[in-house]
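Subject: Structure handover

Hello,

Here is the model I promised to pass on.

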Amino acid sequence: MKLVEIHFESIGSTNTYAKEHVGSFSPDQVTCITADEQTAGRGRFQRKWYSPKGVNLYVTFCFRLPKNALHLISLSQMMAASFASVLLDEGLHPKIKWPNDIRLNGKKLSGILCETSFHGEWVDVFLGIGVNVNMGTADLARIDQPATSLQAETGRSWDRAALLKKIQKKILHDLDLFKSKGFEPFHSLFENLLAFKGEIVSCSDGKRTWVGTCHSITNDGQLNIYSSDKSMHTVLSGEISK
Ligand code: BTN
(Lines give C-alpha, C1' and ligand atoms only; values in the text may rest on other atoms or scores of the structure.)
Protein backbone atom coordinates (compact mmCIF):
# COMPACT_ATOMS: atom_id res chain seq x y z
CA MET A 1 0.00 0.00 0.00
CA LYS A 2 1.03 3.57 -0.64
CA LEU A 3 2.24 5.67 2.31
CA VAL A 4 1.22 9.31 2.58
CA GLU A 5 2.96 11.43 5.21
CA ILE A 6 1.60 14.38 7.19
CA HIS A 7 4.00 16.12 9.58
CA PHE A 8 3.39 18.72 12.29
CA GLU A 9 5.91 20.69 14.30
CA SER A 10 3.43 20.63 17.14
CA ILE A 11 0.06 18.97 17.60
CA GLY A 12 -2.15 17.82 20.46
CA SER A 13 -1.96 14.14 19.59
CA THR A 14 -1.22 12.43 16.27
CA ASN A 15 -3.86 9.77 17.08
CA THR A 16 -6.50 12.42 17.83
CA TYR A 17 -5.64 14.30 14.62
CA ALA A 18 -5.96 11.08 12.61
CA LYS A 19 -9.34 10.28 14.16
CA GLU A 20 -10.63 13.77 13.44
CA HIS A 21 -9.41 13.85 9.83
CA VAL A 22 -9.76 10.25 8.69
CA GLY A 23 -12.61 11.28 6.37
CA SER A 24 -10.13 13.21 4.24
CA PHE A 25 -7.62 10.33 3.91
CA SER A 26 -7.83 7.97 0.95
CA PRO A 27 -8.98 4.50 2.10
CA ASP A 28 -6.46 2.86 -0.25
CA GLN A 29 -3.43 4.34 1.48
CA VAL A 30 -1.66 4.24 4.79
CA THR A 31 -1.57 7.77 6.20
CA CYS A 32 1.36 8.37 8.52
CA ILE A 33 1.01 11.35 10.84
CA THR A 34 4.10 12.50 12.72
CA ALA A 35 4.90 15.39 15.04
CA ASP A 36 7.98 16.92 16.63
CA GLU A 37 6.01 17.42 19.81
CA GLN A 38 2.61 16.55 21.22
CA THR A 39 0.92 18.86 23.68
CA ALA A 40 -1.74 16.31 24.62
CA GLY A 41 -0.08 12.97 23.84
CA ARG A 42 -2.23 10.05 24.97
CA GLY A 43 -1.33 6.63 26.31
CA ARG A 44 -3.36 3.53 27.11
CA PHE A 45 -5.93 3.65 29.92
CA GLN A 46 -6.41 7.44 29.55
CA ARG A 47 -2.82 8.09 30.58
CA LYS A 48 -0.75 10.97 29.26
CA TRP A 49 2.20 10.33 26.95
CA TYR A 50 4.98 12.78 27.71
CA SER A 51 5.99 14.18 24.31
CA PRO A 52 8.74 16.83 24.51
CA LYS A 53 9.85 18.62 21.34
CA GLY A 54 12.44 17.42 18.84
CA VAL A 55 13.82 14.40 20.68
CA ASN A 56 11.46 11.48 20.10
CA LEU A 57 9.15 9.90 17.54
CA TYR A 58 5.38 10.39 17.78
CA VAL A 59 3.73 8.55 14.92
CA THR A 60 0.25 7.38 13.97
CA PHE A 61 -0.42 4.99 11.10
CA CYS A 62 -3.98 5.27 9.86
CA PHE A 63 -5.50 2.71 7.48
CA ARG A 64 -8.67 0.83 6.69
CA LEU A 65 -9.29 -2.91 7.12
CA PRO A 66 -12.33 -5.11 6.51
CA LYS A 67 -14.30 -5.44 9.73
CA ASN A 68 -13.92 -9.22 9.67
CA ALA A 69 -10.11 -9.07 9.13
CA LEU A 70 -8.27 -11.96 10.73
CA HIS A 71 -6.97 -11.36 14.28
CA LEU A 72 -8.00 -7.69 14.35
CA ILE A 73 -7.62 -7.78 18.15
CA SER A 74 -3.88 -8.28 17.80
CA LEU A 75 -2.99 -5.25 15.66
CA SER A 76 -1.09 -3.56 18.45
CA GLN A 77 0.83 -6.78 19.16
CA MET A 78 1.75 -6.90 15.46
CA MET A 79 3.03 -3.32 15.68
CA ALA A 80 5.08 -4.22 18.76
CA ALA A 81 6.62 -7.18 16.93
CA SER A 82 7.38 -5.00 13.88
CA PHE A 83 9.09 -2.32 15.90
CA ALA A 84 10.96 -4.89 17.99
CA SER A 85 12.32 -6.40 14.81
CA VAL A 86 13.54 -2.94 13.64
CA LEU A 87 15.41 -2.71 16.96
CA LEU A 88 16.86 -6.21 16.54
CA ASP A 89 18.18 -5.10 13.14
CA GLU A 90 19.90 -2.22 14.94
CA GLY A 91 21.70 -4.72 17.16
CA LEU A 92 19.58 -4.03 20.25
CA HIS A 93 17.92 -6.56 22.56
CA PRO A 94 14.30 -5.52 23.02
CA LYS A 95 11.68 -7.30 25.10
CA ILE A 96 7.95 -7.00 24.57
CA LYS A 97 5.84 -6.52 27.66
CA TRP A 98 2.45 -7.86 26.58
CA PRO A 99 0.45 -6.50 24.91
CA ASN A 100 2.66 -3.88 23.30
CA ASP A 101 5.29 -2.09 25.38
CA ILE A 102 8.83 -2.28 24.07
CA ARG A 103 11.46 -2.45 26.77
CA LEU A 104 15.24 -2.24 26.82
CA ASN A 105 17.12 -3.35 29.92
CA GLY A 106 13.87 -3.59 31.88
CA LYS A 107 12.77 -0.03 31.12
CA LYS A 108 10.06 1.25 28.80
CA LEU A 109 11.33 2.57 25.47
CA SER A 110 8.12 2.70 23.49
CA GLY A 111 4.36 2.48 23.86
CA ILE A 112 1.62 1.74 21.37
CA LEU A 113 -1.95 3.03 21.37
CA CYS A 114 -4.27 1.23 18.96
CA GLU A 115 -7.69 2.77 18.43
CA THR A 116 -10.39 1.68 16.01
CA SER A 117 -13.58 3.04 14.59
CA PHE A 118 -16.09 0.64 13.01
CA HIS A 119 -18.22 1.64 10.02
CA GLY A 120 -20.41 -0.95 8.37
CA GLU A 121 -18.12 -3.33 6.55
CA TRP A 122 -14.81 -1.73 7.44
CA VAL A 123 -12.79 -0.48 10.38
CA ASP A 124 -10.54 2.57 10.49
CA VAL A 125 -7.40 1.83 12.48
CA PHE A 126 -5.30 4.43 14.30
CA LEU A 127 -2.09 2.76 15.32
CA GLY A 128 0.02 5.19 17.32
CA ILE A 129 3.55 4.60 18.52
CA GLY A 130 5.74 6.75 20.72
CA VAL A 131 9.46 6.01 20.82
CA ASN A 132 11.88 7.64 23.22
CA VAL A 133 14.79 8.30 20.88
CA ASN A 134 17.15 11.04 22.11
CA MET A 135 15.37 11.90 25.35
CA GLY A 136 17.87 12.74 28.08
CA THR A 137 17.92 11.58 31.69
CA ALA A 138 16.18 14.70 33.08
CA ASP A 139 13.20 14.20 30.78
CA LEU A 140 13.17 10.43 31.38
CA ALA A 141 12.95 11.05 35.11
CA ARG A 142 9.67 12.90 34.55
CA ILE A 143 7.99 9.69 33.39
CA ASP A 144 5.96 7.86 36.05
CA GLN A 145 7.64 4.49 35.50
CA PRO A 146 11.18 3.34 34.71
CA ALA A 147 11.75 4.63 31.19
CA THR A 148 14.64 4.80 28.79
CA SER A 149 15.58 6.13 25.36
CA LEU A 150 17.74 4.82 22.53
CA GLN A 151 20.30 7.46 23.36
CA ALA A 152 20.33 6.57 27.06
CA GLU A 153 20.88 2.89 26.21
CA THR A 154 23.48 3.27 23.48
CA GLY A 155 25.30 6.45 24.50
CA ARG A 156 24.87 8.02 21.08
CA SER A 157 22.42 10.30 19.37
CA TRP A 158 20.04 8.68 16.85
CA ASP A 159 18.85 10.03 13.51
CA ARG A 160 15.09 10.24 14.10
CA ALA A 161 14.22 10.62 10.40
CA ALA A 162 16.23 7.54 9.45
CA LEU A 163 14.62 5.49 12.22
CA LEU A 164 11.17 6.65 11.13
CA LYS A 165 11.87 5.51 7.56
CA LYS A 166 12.85 2.06 8.83
CA ILE A 167 9.69 1.80 10.93
CA GLN A 168 7.51 2.93 8.01
CA LYS A 169 9.07 0.42 5.64
CA LYS A 170 8.65 -2.40 8.13
CA ILE A 171 5.05 -1.52 8.94
CA LEU A 172 4.03 -1.33 5.29
CA HIS A 173 5.50 -4.75 4.71
CA ASP A 174 4.06 -6.24 7.90
CA LEU A 175 0.59 -4.80 7.34
CA ASP A 176 0.35 -6.66 4.04
CA LEU A 177 1.40 -9.83 5.84
CA PHE A 178 -1.13 -9.20 8.61
CA LYS A 179 -3.92 -8.65 6.08
CA SER A 180 -3.32 -12.02 4.47
CA LYS A 181 -2.25 -14.14 7.46
CA GLY A 182 -3.25 -12.30 10.65
CA PHE A 183 -0.97 -12.46 13.71
CA GLU A 184 0.46 -15.91 12.96
CA PRO A 185 3.64 -14.69 11.12
CA PHE A 186 4.50 -12.51 14.14
CA HIS A 187 3.71 -15.02 16.85
CA SER A 188 7.08 -16.68 17.33
CA LEU A 189 9.06 -13.43 17.38
CA PHE A 190 6.61 -11.97 19.90
CA GLU A 191 6.77 -15.00 22.16
CA ASN A 192 10.57 -15.19 21.94
CA LEU A 193 10.82 -11.59 23.09
CA LEU A 194 8.06 -11.83 25.72
CA ALA A 195 9.08 -9.97 28.89
CA PHE A 196 8.56 -11.80 32.22
CA LYS A 197 8.11 -15.16 30.46
CA GLY A 198 8.04 -17.88 33.12
CA GLU A 199 7.82 -15.32 35.93
CA ILE A 200 4.92 -14.70 38.31
CA VAL A 201 3.00 -11.63 37.22
CA SER A 202 -0.35 -10.10 37.85
CA CYS A 203 -2.46 -9.11 34.88
CA SER A 204 -5.50 -6.88 35.08
CA ASP A 205 -8.07 -6.07 32.41
CA GLY A 206 -9.53 -3.27 34.53
CA LYS A 207 -12.26 -5.48 35.97
CA ARG A 208 -10.46 -8.67 36.98
CA THR A 209 -6.90 -9.46 37.97
CA TRP A 210 -5.16 -12.77 37.36
CA VAL A 211 -2.01 -13.79 39.18
CA GLY A 212 0.15 -16.56 37.78
CA THR A 213 3.01 -17.46 35.50
CA CYS A 214 3.37 -15.37 32.36
CA HIS A 215 3.13 -18.46 30.17
CA SER A 216 2.72 -17.89 26.45
CA ILE A 217 0.96 -16.06 23.64
CA THR A 218 -1.97 -17.51 21.72
CA ASN A 219 -1.95 -17.62 17.92
CA ASP A 220 -4.03 -14.45 17.87
CA GLY A 221 -1.88 -12.48 20.32
CA GLN A 222 -3.66 -13.02 23.65
CA LEU A 223 -1.76 -13.74 26.86
CA ASN A 224 -1.89 -17.08 28.65
CA ILE A 225 -1.49 -16.84 32.42
CA TYR A 226 -0.98 -20.12 34.25
CA SER A 227 -2.47 -19.94 37.75
CA SER A 228 -1.31 -21.76 40.87
CA ASP A 229 -4.58 -23.78 40.76
CA LYS A 230 -3.17 -25.25 37.49
CA SER A 231 -5.69 -23.51 35.26
CA MET A 232 -4.83 -21.40 32.22
CA HIS A 233 -6.45 -17.98 31.76
CA THR A 234 -6.36 -16.33 28.38
CA VAL A 235 -6.43 -12.55 28.61
CA LEU A 236 -7.67 -10.53 25.64
CA SER A 237 -6.60 -7.09 26.80
CA GLY A 238 -5.03 -5.74 29.94
CA GLU A 239 -1.83 -4.78 31.62
CA ILE A 240 0.87 -6.80 33.33
CA SER A 241 2.57 -5.76 36.53
CA LYS A 242 5.29 -7.52 38.47
C1 BTN B 1 1.15 3.67 26.08
O2 BTN B 1 2.18 3.02 26.32
O3 BTN B 1 0.35 3.97 26.99
C4 BTN B 1 0.86 4.07 24.66
C5 BTN B 1 1.56 5.35 24.27
C6 BTN B 1 1.29 5.75 22.84
C7 BTN B 1 1.90 7.09 22.49
C8 BTN B 1 1.77 7.42 21.04
S9 BTN B 1 2.72 8.83 20.56
C10 BTN B 1 1.93 8.88 19.02
C11 BTN B 1 0.46 8.57 19.27
N12 BTN B 1 -0.26 9.76 19.64
C13 BTN B 1 -0.71 9.74 20.88
O14 BTN B 1 -1.34 10.64 21.46
N15 BTN B 1 -0.37 8.57 21.46
C16 BTN B 1 0.36 7.72 20.55
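By class, the shell around the ligand holds six nonpolar, ten polar and four charged residues. Nonpolar here means Ala, Val, Leu, Ile, Met, Phe, Trp, Tyr, Cys and Pro; charged means Asp, Glu, Lys and Arg; the others, Gly among them, are polar. This is a predicted model: local features need pLDDT of at least 70, side-chain atom pairs count only at pLDDT 80 or more, and totals for chains, interfaces and linings use all residues. Residues are numbered from 1 along each chain as its sequence is written, and side-chain values use heavy atoms, with hydrogens and water left out.

Ligand site. Of the 20 residues around the ligand, Ser13, Gln38, Arg42, Arg44 and Lys108 come nearest (near: a heavy atom within 4 Å). Ser13 places a polar side-chain atom 2.7 Å from a ligand oxygen atom. Arg42 has a backbone N or O atom 2.7 Å from a ligand nitrogen atom. For Arg44, a backbone N or O atom lies 2.7 Å from a ligand oxygen atom. The protein covers 98% of the 420 Å² of accessible area that the ligand has on its own (Shrake-Rupley method, 1.4 Å probe). Two or more shell residues come from each of helix 1 (14–21), strand 3 (57–66), strand 6 (107–119) and strand 7 (122–131). Strand 6 gives the most, with four residues. Helices (H or I, at least four residues) and strands (E, at least two) are DSSP runs, numbered from the N terminus.

Helix 6. Phe186, His187, Phe190 and Glu191 are buried in this helix (buried: under 20% relative accessible area; exposed: over 50%; partly exposed: in between; 1.4 Å probe, protein chains only). His187 has 14% relative accessibility. Its side chain reaches the backbone oxygen of Ile217 at 2.6 Å. Beyond four places in sequence, His187 is in contact with Ile217, Thr218 and Asn219 (heavy atoms within 4.5 Å).

Backbone points to check. A cis peptide bond joins Trp98 and Pro99, with omega about 5°. Pro99 sits in the loop between strand 4 and strand 5 (101–104). Gln46, not a glycine, has a positive phi near 60°. Gln46 is exposed, at 79% relative accessible area.

Best wishes

Note on methods
Polar contact = N/O pair within 3.5 Å; in protein donor to acceptor, adjacent residues only side chain to side chain.
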